[in-house]
Amino acid sequence: MTERALRLGTRRSKLAMAQSGHVAEAVRRLTGRAVELVEITTFGDVSREHLAQIGGTGVFVTALREALFRGDVDFAVHSLKDLPTTPHEGLALAAIPRREDPRDALVARDGLTFHQLPNGARVGTGSPRRMAQLNAYARSHGLHIETVPIRGNVDTRIGYVRNGELDAVVLAAAGLHRIGRIDEVTDFLSVDFVLPAPGQGALAIECSASDADLVAALGGLDDPHTRVAVTAERSLLAALEAGCSAPVGALADLLADGQEATEMRLRGVVGTTDGSALVQLSTTGPVPTSHGDAIALGRELASEMLAKGAAGLMGERAL
């Protein structure tokens with residue numbers, strides 16, 4: 001008797017379907033079992049409100065988790081940056097596969113790079129984190145840009161540039177890679193001036209903690225280096241008591257000495273959305289060898305940032 005197909009819960013957006021399709025293929029190869037996609041509509045997909053007003057990106061996760069608890073699906077795929085930092089009782093974060101490019105990318109009219117944008121250029125993004133850093137960077141280089149809050153899928157966002165409403169939009173490079181539209185990028189924004197969202201470019205594969213066989217099987221997709229890096233980034237976010245939509249950027253990268261990574265650098269930033277005030281710090285330490293070490297690295301940097309006044313720059317702090 002053949003085993004029944006595993007049911008993978010996914011959001012319906014083109015990007016979510018592409019991400020889930022990649023994971024489904026990897027799970028088929030790993031387990032030899034068929035995988036079927038189960039499309040789930042989330043409140044975040046149907047609401048036209050700005051994300052910060054409806055509870056941040058966590059709204060994309062809730063419906064998928066409810067489907068897991070009801071037993072409608074066996075496992076779910078999330079963009080890790082959408083996942084709330086507090087662990088969810090009863091669910092296991094079974095795998096964090098190898099991360100895609102974590103950078104933000106500019107899609108501008110006429111092939112313009114960020115430095116070629118005209119004075120007063122209208123740049124669209126739904127992210128307070130991006131607004132804070134783009135405005136700060138522009139100001140430090142004598143540029144004046146206007147950041148415009150936008151929502152919608154990749155087509156909608158790039159559409160604002162194509163129809164002349166905006167001069168440029170900023171999107172995650174990883175998402176554009178996954179849907180085959182990376183050739184539309186006119187500039188990749190260096191992490192030296194725009195730090196990504198904690199966990200950006202990484203996926204999270206979640207299932208019921210009680211299904212030990214499935215937790216073990218999905219664990220075959222886990223990338224240990226990605227996991228320690230994003231754990232440190234998310235620990236920083238949690239220790240700042242900031243939600244997924246707070247203007248916090250973080251990136252942990254492994255510093256290789258020859259072939260073997262020996263140290264990990266964690267950088268963090270928080271700022272006002274107009275970019276007038278930023279707290280940006282970094283710390284470097286041995287590559288964490290445990291979950292606890294990675295958590296400690298994030299907490300350590302967060303406490304230094306809070307000591308430098310980070311809390312006052314985040315607006316309303318998550319309760």
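Colleague: Which residues do the ring pairs link into a cluster?
Modeller: Phe114, Tyr137 and Phe193. Rings of Phe, Tyr and Trp (its six-membered ring) pair if their centres lie within 6.5 Å; planes under 30 degrees apart are stacked, over 60 edge-to-face, the rest tilted. This is a predicted model, so local features need pLDDT of at least 70 and side-chain atom pairs pLDDT 80 or more, while totals for chains, interfaces and linings use all residues.

Colleague: How many aromatic pairs in the whole structure?
Modeller: The search finds 3. In one of them, Phe114 and Tyr137 have ring centres 5.7 Å apart and planes at 50 degrees, so that pair is tilted.

Colleague: Where do Phe114 and Tyr137 sit in the chain?
Modeller: Phe114 is in the loop between strand 5 (104-108) and strand 6 (121-125). Tyr137 is in helix 4 (residues 128-140), and the two are 23 residues apart. Helices (H or I, at least four residues) and strands (E, at least two) are DSSP runs, numbered from the N terminus.

Colleague: And what about Phe114 with Phe193?
Modeller: Their ring centres are 5.9 Å apart and the planes at 40 degrees, so this pair is tilted too. Phe193 lies in the loop between strand 9 (187-189) and strand 10 (203-208), so the pair ties together parts 79 residues apart in sequence.

Colleague: Is Phe114 buried or exposed?
Modeller: Buried, at 0% relative accessibility. Tyr137 is at 13% and also counts as buried. Phe193 is buried as well. Buried means under 20% relative accessible area, exposed over 50%, partly exposed in between (1.4 Å probe, protein chains only).

Colleague: Switching to helix 5. Which residues are buried there?
Modeller: In helix 5 (residues 154-162), Val154, Arg157, Ile158 and Val161. They cover an arc of only 90 degrees around the axis, which puts them on the same side of helix 5. The arc is taken over directions from the helix axis to the C-beta atoms.

Colleague: What covers them?
Modeller: The cover includes strand 5, strand 8 (168-172) and helix 6 (173-178).

Colleague: What happens at the start of helix 5?
Modeller: A side-chain oxygen of Asn153 comes within 3.2 Å of the backbone nitrogen of Asp155. Just after the helix, Gly164 has a positive phi of about 85 degrees.

Colleague: Now Asp74. Where is it?
Modeller: In the loop between helix 3 (59-70) and strand 3 (75-79). Asp74 is buried, with a relative accessible area of 12%.

Colleague: Which side chain does Asp74 join in a polar contact?
Modeller: That of Arg4, at 2.8 Å. The side chain of Asp74 also reaches the backbone nitrogen of Arg7 at 2.7 Å. A polar contact is a pair of N or O atoms within 3.5 Å; within protein, one must be able to donate a hydrogen and the other to accept it, and residues adjacent in sequence count only if both atoms are side-chain atoms. Residues are numbered from 1 along each chain as its sequence is written, and side-chain values use heavy atoms, leaving out hydrogens and water.

Colleague: What else is Asp74 in contact with?
Modeller: Beyond its neighbours within four places in sequence, the contacts (heavy atoms within 4.5 Å) include Leu68, Cys207, Ser208 and Leu214.

Colleague: Last one: how many helices and strands overall?
Modeller: The protein chain has 9 helices and 13 strands. Buried residues make up 52% of its 319 residues.
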